[in-house]
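Here's a quick briefing to read alongside the model. Take a look at the structure first, then work through the points below.

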Amino acid sequence: MARKAYEETRSISIVALGSSTTEGSGASTPERTYPAVLQAELKRRLPGTEVKVINKGIGGQSAYDMLQRMESDAIEPHPSLVIWQTVVNDAIRHVGEEKLAKILRKGIKKMGEAGIDLVMMDLQWLPREDRYPKYDDYREVLKKTAAEHGVSIFPRYAMMKSWARSKQFSEQELVGMDGLHMVDASYRCLAVRLADGIASALTGAKPEMAAVPKTTN
């Protein structure tokens with residue numbers, strides 16, 4: 001649907017649905033949240049295209065909280081694409097893996113019935129994951145449920161882990177002092193890589209895979 005809308009109208013509308021990562025906890029300004037940077041990056045990659053990225057992030061929300069507002073916040077705006085960033089708070093609170101899977105299935109079904117393309121975002125890499133013993137288990141629930149329904153997952157965890165290992169960024173440039181929330185540099189990297197993938201999917205062009213700058217002007 002997103003590609004068809006782009007080809008027919010030269011426009012793309014995206015709803016970023018999520019919790020603190022989407023809202024922008026840890027970003028120094030609203031312009032440095034990942035949805036804001038994503039919009040700017042897509043406009044740069046798709047000249048002449050009307051691009052709109054709507055930030056529907058509310059910090060601290062669980063997958064169930066987002067399911068409850070999915071109709072009003074993600075479906076009623078009639079976007080071409082929804083990026084659903086979720087599960088981290090469910091993992092931290094240990095809400096139950098089967099319960100989470102049921103909630104995710106319901107959300108995926110809602111998106112499908114509305115005819116809206118959906119991408120789900122993997123959890124963030126954390127320097128001290130051992131604080132949350134079930135973290136990987138909940139990541140696996142997300143991956144398995146998405147795969148069952150043919151939904152793509154944006155591999156945030158693997159990307160952040162790779163950035164940390166590369167030594168291009170310090171841990172503090174990827175995750176803030178609280179050890180949980182992302183910050184300007186990691187939000188920018190996240191948005192740039194999302195823009196690479198979305199622009200490539202819309203145009204068929206190869207993604208820009210140049211080095212990611214840490215800051216904006």
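There's one aromatic pair here, going by a rule where rings of Phe, Tyr and Trp (its six-membered ring) pair if their centres lie within 6.5 Å. Keep in mind that this is a predicted model, where local features need pLDDT of at least 70, side-chain atom pairs count only at pLDDT 80 or more, and totals for chains, interfaces and linings use all residues. Residues are numbered from 1 along each chain as its sequence is written, and side-chain values use heavy atoms, leaving out hydrogens and water.

**Charges over rings**
- Arginine 10 lies over the face of tyrosine 6, 4.5 Å from the ring centre; the rule asks for NZ of Lys or CZ of Arg within 6 Å of the ring centre and within 35 degrees of the ring normal.
- Arginine 139 puts its charged end over the ring of tyrosine 157, at 3.7 Å from the centre.

**The sheet**
- Five strands make an open sheet, ordered β2-β1-β3-β4-β5, with parallel pairing; strands (E, at least two residues) and helices (H or I, at least four) are DSSP runs numbered from the N terminus, and two strands pair if DSSP finds at least two bridges between them.
- β2 (50-57) and β5 are the edge strands with a single partner each, so one side of each has no neighbour in the sheet.
- From one strand to the next, the twist averages 25 degrees.
- Strands β3 (residues 81-85) and β4 (residues 117-121) pair in the parallel sense over five bridges, and glutamine 85 has methionine 121 as its bridge partner in β4.
- β4 and β5 (residues 152-154) run parallel, joined by three bridges; valine 119 stands opposite serine 152, and methionine 120 partners isoleucine 153.

**Helix packing**
- Helices α4 (residues 63-75) and α6 (residues 97-114) pack at about 10 degrees, axes 9 Å apart; axes are lines fitted to C-alpha atoms, for helices over the stretch in contact, and angles run from 0 to 180 degrees between N-to-C directions.
- That makes α4 roughly parallel to α6 (angles under 35 degrees count as such).
- Residues meeting across this contact (heavy atoms within 4.5 Å) include Leu67 and Met70 in α4, and Leu104 and Met111 in α6.

Terms used:
Parallel < 35°, antiparallel > 145°, perpendicular 65-115°, else oblique. Phe/Tyr/Trp six-rings, centres within 6.5 Å; stacked < 30°, edge-to-face > 60°.
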